Amino acid sequence: MADPQATGAPSRRFAQGPRSVAEARRFVRTALDGVASDVVETAQLLAGELVTNAVLHARTEVEVSARVDGGGTVRVGVSDRRPDRALVPYAYPPYAGTGQGLALVGHLASRYGVDAEEDTKTVWFELGPDDAMPDDAMPDATPDDATPDGTRDGALRPSVGWEIPAPAPSDTPSGATVTLVDVPGALYSASQQHRHTLLREVFLALAAGEDLGVPPGELAAAQDMNYLISTCVTAALQQESSGAEIRSLPLSVPPDAGPAVQALRTVLHLAEKARDERFLTLPALPRSRVFHQ
């Protein structure tokens with residue numbers, strides 16, 4: 001198994017917050033001094049995407065490690081303190097404003113994976129000496145040359161791919177099963193994409209000191225519920241063998257999920273009211289607002 005945190009790998013911790021993304025990129029460039037510039041640029045890009053994911057979703061401090069082995073392979077790891085917060089790759093189109101980080105890693109890295117321990121989770125990737133960033137770096141939602149386990153054709157297989165957790169109701173005895181009836185897949189995908197992008201902009205605005213009328217505690221609860229819903233629905237959709245556009249989906253949720261669901265509704269409502277040209281995210285379409293409700 002690849003170990004980006006191996007002894008001798010330079011590493012640095014960064015505080016929880018958007019500024020850590022740029023600081024982590026600079027650290028990677030310094031740690032990889034002497035490596036071909038195009039490989040370093042690719043490593044910086046991918047490290048920045050993974051740190052962004054940790055800042056937005058794990059909301060803990062992060063530790064970034066970067067080193068080069070004897071064969072010239074670059075190994076970079078990004079660790080956070082939320083091992084329970086598994087990665088969820090989304091099949092968003094290239095023009096989407098969010099959800100491209102894991103697709104970029106899968107498209108550009110030779111190997112990649114995630115290692116979860118009791119207190120930490122490390123997302124890592126490797127770049128060979130010839131893994132320069134191509135001119136068309138932004139991939140389609142699913143790269144044509146990607147294999148199901150996360151490698152590109154001809155590359156070594158990773159220890160772990162991007163696996164979507166799908167807890168069964170029997171695995172969560174303290175939870176409950178809620179069934180979403182007759183979910184239109186295309187509408188859900190569009191609504192999910194809008195929800196993720198809007199919550200991301202709210203988070204960044206609050207971090208910059210903007211007053212949106214959104215209490216930080218409410219935003220954290222909304223982000224957690226958004227993650228839970230998105231994870232369960234994405235896993236359920238992938239398990240569906242039929243290509244049906246409309247289907248019913250069972251979700252495993254905590255028994256006390258009501259307040260968090262309300263927090264998500266409240267934050268989305270306040271964000272729409274407070275946009276005043278401060279957000280790049282377009283207003284939700286009427287049908288999307290009804291679907292959210």
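Trainee: Is L268 buried or exposed, and on what value does that rest?

Mentor: This is a predicted model. L268 has a relative accessible area of 11%. Buried means under 20%, so L268 is buried.

Trainee: Which element holds L268, and what is L268 in contact with beyond its neighbours within four places in sequence?

Mentor: L268 sits in helix α6. Setting those neighbours aside, its contacts are R195, L198, L199 and H292. R195, L198 and L199 belong to α4. Take A284 as well: this residue lies 16 residues from L268 along the chain, and their C-alpha atoms are 9.8 Å apart.

Trainee: How do I describe two packed helices?

Mentor: Use the angle between their axes and the distance between the axes. Here, helix α4 covers residues 185-207 and helix α6 covers residues 258-273. They pack at an angle of about 70°, and their axes are 10 Å apart. Angles of 65 to 115 degrees count as roughly perpendicular, so α4 is roughly perpendicular to α6.

Trainee: Which residues in α4 and α6 meet?

Mentor: Start with the helix repeat. An α-helix has 3.6 residues a turn, so residues three or four places apart point the same way. Now the case here. From α4 come H194, R195, L198, L199 and V202. From α6 come L264, V267, L268, A271 and E272. By class, this contact has seven nonpolar, one polar and two charged residues.

Trainee: What span should α4 have, and what follows α4?

Mentor: Count 1.5 Å a residue. The 23 residues of α4 should then span 33 Å, and its end C-alpha atoms are 33 Å apart, so the two values agree. After α4 comes G209, with a positive phi near 95°.

Terms used: Residues numbered from 1 in each chain as written. Predicted model: local features only at pLDDT ≥ 70, side-chain atom pairs only at ≥ 80, totals over all residues. Heavy atoms only, no water. Axes fitted to C-alpha atoms, helices over the stretch in contact; angles between N-to-C directions. Helix = DSSP H or I, 4+ residues; strand = E, 2+ residues; numbered from the N terminus. Parallel < 35°, antiparallel > 145°, perpendicular 65-115°, else oblique. Contact = heavy atoms within 4.5 Å. Nonpolar A, V, L, I, M, F, W, Y, C, P; charged D, E, K, R; others polar. Expected span 1.5 Å × (residues − 1). Buried < 20%, exposed > 50% of the residue type's maximum accessible area, 1.4 Å probe, protein only.
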